[in-house]
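Here are my notes on the model you sent over, as numbered points. Please keep the structure open while you read.

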Amino acid sequence: MTASPTTQPIPGTAPAPATDEAPGGAGPVDGTVEEPPQHRKRKVAILLLLLFGFALLLGLAIWYLLFRQPISVLPVIPGEIVMPTYSTAIYGADRPMGVAVSKDGSRVYIGETEGDRIAKIFDASGNQLGLLQPPLSTGAEHVPVYLALDPVANEVYVTDRPTGAIYIYSADGVYQRAYNPGTALKGWQPLGITFDTAGNLFVTDVSASPQRILEFDRSGALVRTLGTTAGLNFPNGIAVDKAGYVYVTDGNNGRLLVIDQNDQVVAQVGRGVGEGNLGLPRAMVIDDSGRVYVADATGQGVFVYDSYKPGDRGLNYLGFFGGEGVSNGAFQYPNGIALDGRGRVYVTDGGNDRVQVWSY
């Protein structure tokens, strides 16, 4: 049997180029594999699902902007307490102290205690729209302290410390009248102010001894006096929860008190350095979910608690946001606080001449 002769290259010629095919034409040998059809279908399905989700989110965003429905339920993450985060700030008021905001967030009312010492109206973007100017007949010395919106008449109430009065304006800032508490309260010194959901007015009065909380009905009649046995010392903030409990920040005593229908203090948060303790609490507000927000001037931020439940002796501390400083999200003596209906918290940052907006 003879051996097959081997093929030798011809001198002066290049070797034959290598092919990209495996012996027998088995396909590419460069490592690529043709994708099976079922994999391509799966990718297409995932892409379509992502596009559908994007379209759904876009549709919800457009619907929200068109109809601007309020947010009444705050976000809930199981096992985690959610605090708002810094969003933006409104500038243009000197040493702002009090703040109120319309439910849709389109009007922000801010009282400044330096400069012109007047309350101003801003839109949601921080553009100044107007002034809440008291009439000349009330004199030239004014300092707007706290503000509140009447949920029934949509009027703005402003407590004015030098004149010992409450001035009332339309939503657009047109002066309407001074609030008349009756001859029995002549010479009062209104400070903190709020409304309950029925439109009853609650005012803290620091002229009397003891200092107190006054409740007026829609006709302007005084219906209740609260806090006369609580030893209040410059009560700044006041709020009423859905169950009718009255909350008041007892500023110079560093306390937050909860008072029931019988004028009994049923719960409190005290001053201290422990978690959830207060320093110099000022304004406060309660949201639709029952969270209690307290602006603390020396705590340099906002303390958040659960609302009172019968049987509690204190309030369940949920968290804090803020901190001392001048950067975004930091405070220099926060004082006033308000909420709109879209999960946004407005806090006057007096030392930084701004109102910070925090959102969920």
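1. Let me start at the surface: L48 is exposed, with a relative accessible area of 52%. Here exposed means over 50% relative accessible area, buried under 20%, and partly exposed in between, with a 1.4 Å probe and protein chains only. L48 sits in helix 1 (residues 37–67). Helices (H or I, at least four residues) and strands (E, at least two) are DSSP runs, numbered from the N terminus.

2. A word on the source: this is a predicted model, in which local features need pLDDT of at least 70 and side-chain atom pairs count only at pLDDT 80 or more, while totals for chains, interfaces and linings use all residues. Residues are numbered from 1 along each chain as its sequence is written, and side-chain values use heavy atoms, with hydrogens and water left out.

3. Back to L48, which forms a nonpolar surface patch with V44, L47 and L51; together they have about 390 Å² of accessible area. Patches are made of residues with over 30% relative accessible area and no salt bridge, and nonpolar side chains (Val, Leu, Ile, Met, Phe, Trp, Tyr) are joined within 5 Å, like charges within 9 Å. A salt bridge is a side-chain nitrogen of Lys or Arg within 4 Å of a carboxyl oxygen of Asp or Glu. The areas come from the Shrake-Rupley method with a 1.4 Å probe, and for residues only the protein chains shown count as cover.

4. Now to strand 3 (residues 108–112), where 5 of the 5 residues are buried. Which residues lie on each side of strand 3? V108, I110 and E112 are on one side, Y109 and G111 on the other, and all are buried. In general, side chains of a regular strand alternate between the two faces of the sheet.

5. Strand 3 has antiparallel pairings with strand 2 (residues 96–101) over 5 bridges and with strand 4 (residues 119–122) over 4 bridges. Two strands count as paired if DSSP finds at least two bridges between them. P96 has E112 as its bridge partner, and V108 has F122. The hairpin of strands 2 and 3 has 6 residues between the strands, and G105 there takes a positive phi near 80 degrees. In the hairpin of strands 3 and 4, also with 6 residues between the strands, G115 has a positive phi near 65 degrees.

6. Another sheet to look at is open and antiparallel, with 4 strands in the order 6-7-8-9. Strand 6 (144–149) and strand 9 each have a single partner strand, so one side of each is left without a neighbour in the sheet. Strands 6 and 7 (residues 156–160) are joined by 4 bridges, and L147 pairs with V158.

7. On aromatics, the structure holds 13 pairs. Rings of Phe, Tyr and Trp (its six-membered ring) pair if their centres lie within 6.5 Å; planes under 30 degrees apart count as stacked, over 60 as edge-to-face and the rest as tilted. The rings of W188 and F216 have centres 6.0 Å apart and planes at 80 degrees, so this pair is edge-to-face. W188 is in the loop between strand 9 (175–178) and strand 10 (190–195), and F216 in strand 12 (residues 212–216), 28 residues apart. Both are buried, W188 at 5% relative accessibility and F216 at 0%. They also belong to one aromatic cluster with Y157, Y179 and F195.
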